[in-house]
Every structure is written in structure tokens, then in C-alpha cells.
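Here's a quick briefing for anyone meeting this structure for the first time. Take a look at the sequence and the fold, then read on.

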Amino acid sequence: MNRQVQVHSALFLVALIYGANYSIAKEIMPAYVLPFGLIVIRVVSAVLVFGAISLFITKEKVTGRDDWARIALCGLFGITINQLSFFSGLNLTSPINASLIQTVSPVVVLLMSSFLLKERLKIFRMVGILLAGLGAMLLISGRAGQDAQGHMLGDLLVLLNAASYGVFLVLVKPLMQKYNAITVVSRVFLVGSLGVVPFGLQQVMAPDYAAFPAHVWAAIVFVIIGMTILAYLLNVWAMKYASPSLVGVYIYLQPVFAILIAVGLGKDVFTWQKALYAAMIFGGVYLVSKPKKTTV
């Protein structure tokens with residue numbers, strides 16, 4: 001298998017794992033483990049696995065107070081806020097809504113880059129921000145009926161998750177350029193776990209794990225091994241060889257897989273109204289992510 005096929009296979013598998021996670025995590029929450037308890041399971045598992053890889057394989061140290069301060073911010077936005085808002089939001093909203101709203105992360109990356117790095121915003125990117133934002137807001141406010149308030153809160157929490165992840169991507173970039181990816185992620189998960197464990201300690205200790213059926217254990221294993229460990233390692237490896245535009249194409253596949261899996265499992269319904277809002281979000285994100293023209 002040549003390198004190009006390996007890269008495409010890795011990115012495809014990552015998109016499939018993330019797309020499946022929206023429906024599979026709903027198998028666990030809230031009937032068996034509450035959202036914050038599931039976060040503790042995921043984050044602590046990641047700390048142990050990535051910490052062991054960093055300690056015994058990469059053996060690289062982080063030097064300097066500035067780098068540790070940046071790691072602390074990355075842990076706050078990339079793990080603590082990101083995970084608490086995602087799983088609590090997914091617990092309240094539908095898999096399709098969550099997967100579509102999460103695609104606004106590139107918009108936040110652009111806004112943060114403009115604010116922190118003083119990058120100028122082009123007109124077409126400003127239009128993209130407005131279009132994606134409008135699509136997300138219409139999707140969030142498009143609920144009607146008895147559970148509308150709970151679903152709206154869930155959508156807003158997923159939006160907070162997307163925003164915090166966008167901030168994380170901007171903050172972590174200098175660290176990724178300086179250190180090995182495993183070195184960074186092991187420290188980020190460690191710091192982030194300090195903010196997650198107090199919220200989820202009671203929830204992770206409450207369930208009767210011995211009474212869990214096999215399909216729930218399978219879902220937990222998927223969240224730990226597939227979503228947390230395998231997807232990250234594949235993504236990091238593929239990004240060494242893939243262009244940003246190629247990675248972007250596979251990111252857009254995630255909600256497609258999420259929709260197909262959610263509808264196939266009977267977890268959600270995809271309507272023409274959601275299709276319109278999805279088109280607005282995708283169109284806006286495309287304008288924001290559109291690469292600059294280069295002259296030869």
C-alpha cells in the first residue's frame with residue numbers, strides 16, 4: 001500500500017470514527033453514565049495512554065514557563081471546556097444537530113487568528129462567517145415542541161464546544177511546531193483532566209458497571225480506544241503528509257457520516273430544513289477555509 005492510499009485511508013477512518021461517535025455516545029448517555037462521568041472515563045484513559053507513550057517512547061520534555069502557560073490554556077479550552085460542553089450538549093440535542101454545529105470551528109479559528117495574529121479579514125471570509133453563523137443559529141432555533149428548550153441548550157453547548165476547540169487550535173499551533181505531537185497532547189490532556197475530574201468524579205463513581213449490557217461496554221470501548229486514542233493518532237500521522245485542503249475535505253465528511261449513521265440507526269431524522277441550514281454552514285465554512293490564491 002503506497003503512502004497516498006495510507007493517508008486517504010487514515011483520514012477516511014478518522015472521519016468515520018468521529019461521525020459514528022455522535023450516535024454511539026448517545027447509547028451510553030444518560031441511561032448508563034451521565035455526561036461528565038463519561039468525560040472522566042475518556043480523559044483519564046487518554047492521560048494514561050498518551051502519558052505512557054510520552055514517558056517511554058518520545059521522552060521529550062517541555063521547557064519554559066511560557067510553554068507551560070500555553071499548555072494550561074490549551075488544556076482549559078481544548079479539554080476542560082471542550083469536553084464538558086460537547087458531551088453535556090450531545091446529551092441534550094440530536095446527533096445530526098451536534099455534528100453540523102461542530103463544523104463552525106474553522107470560523108472561530110479565523111476570528112481568533114484575526115484577533116491574536118492580526119490577520120486581515122477578506123470580504124469573502126466575512127461573508128462566510130455571517131453565512132455559517134446564520135445557518136448555525138437557524139439550526140439551533142429551528143426546534144419546536146415540548147423538548148425545544150432542552151434541545152436549544154444542547155445546541156448552544158455544542159456551539160460552545162466548537163468555539164472552544166477553535167480557540168484551542170490557534171493556541172496549540174506554536175507548541176505543535178516546537179514539540180512532538182505526543183509530547184503536547186499528553187500534557188494538554190493532563191492539565192485538562194484537572195478541570196474535568198472535579199465535575200465528573202461523582203458521576204463516574206455512581207453507575208453499577210457490573211450491570212452494564214455488552215452493547216454499552218462496546219460503546220465505552222469505542223469512545224476510549226476509537227474516538228480518543230486511535231482517531232487522534234491517525235489524524236496526527238496523516239497530517240504530516242496531507243495538505244490542509246485534503247484534511248478539510250475529510251472534515252466535511254464527518255457530519256455526512258453522522259447523518260447516515262444516525263438515520264440508519266433510527267437515532268435522528270434528517271429533514272429538508274436541516275439540509276438547507278447544513279448547506280449554509282458548509283458554504284460559510286468553505287468561504288472561511290478557502291485558501292489564498294498564489295501567484296507564480
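The protein chain has an accessible surface of about 15,100 Å², and 69% of that belongs to carbon and sulfur atoms (areas come from the Shrake-Rupley method with a 1.4 Å probe, and for residues only the protein chains shown count as cover). Bear in mind that this is a predicted model: local features need pLDDT of at least 70, side-chain atom pairs count only at pLDDT 80 or more, and totals for chains, interfaces and linings use all residues. Residues are numbered from 1 along each chain as its sequence is written, and side-chain values use heavy atoms, with hydrogens and water left out.

**The overall picture**

- The secondary structure of the protein chain comes to 11 helices and 0 strands (DSSP runs numbered from the N terminus, with H or I of at least four residues for helices and E of at least two for strands).
- Starting at the N terminus, the elements read α-α-α-α-α-α-α-α-α-α-α.
- Of the 296 residues in the protein chain, 46% are buried (buried is under 20% relative accessible area, exposed is over 50%, and partly exposed is in between, with a 1.4 Å probe and protein chains only).
- Take the contacts between residues at least 6 apart in sequence: 90% of them join residues at least 24 apart (contact means heavy atoms within 4.5 Å).

**Helix 2 against helix 8**

- Helix 2 (residues 35–58) packs with helix 8 (residues 181–205) at an angle of about 150°, and their axes are 7 Å apart (axes are lines fitted to C-alpha atoms, for helices over the stretch in contact, and angles run from 0 to 180 degrees between N-to-C directions).
- That angle is why helix 2 and helix 8 count as roughly antiparallel (under 35 degrees is roughly parallel, over 145 roughly antiparallel, 65 to 115 roughly perpendicular, and the rest oblique).
- The contact of helix 2 with helix 8 has 20 nonpolar, 9 polar and 1 charged residues (Ala, Val, Leu, Ile, Met, Phe, Trp, Tyr, Cys and Pro count as nonpolar, Asp, Glu, Lys and Arg as charged, and the others, Gly among them, as polar).
- Ser-186 sits in helix 8, and its 6% relative accessibility makes it buried.
- Beyond its neighbours within four places in sequence, Ser-186 is in contact with Phe-50, Gly-51 and Ser-54.

**Helix 3 against helix 8**

- The axes of helix 3 (residues 65–92) and helix 8 come within 7 Å and cross at roughly 45°, so helix 3 is oblique to helix 8.
- Residues of helix 3 that meet helix 8 include Trp-68, Ile-71 and Leu-84, while those on the helix 8 side include Arg-187, Phe-189 and Phe-199.
- Sorted by class, the contact of helix 3 with helix 8 has 11 nonpolar, 5 polar and 1 charged residues.

**Spots in the backbone worth a look**

- Most residues other than glycine have a negative phi, and most peptide bonds are trans.
- Met-29 and Pro-30 are joined by a cis peptide bond, with omega about -15°.
- Pro-30 lies in the loop between helix 1 and helix 2.
- Lys-59 isn't a glycine, yet it has a positive phi of about 50°.
- You'll find Lys-59 in the loop between helix 2 and helix 3, and it counts as exposed because its relative accessibility is 62%.

- Gln-6 belongs to helix 1 (residues 3–28) and is partly exposed, at 27% relative accessibility.
- Gln-6 and Ala-238 are 232 residues apart along the chain, and their C-alpha atoms are separated by 8.2 Å.
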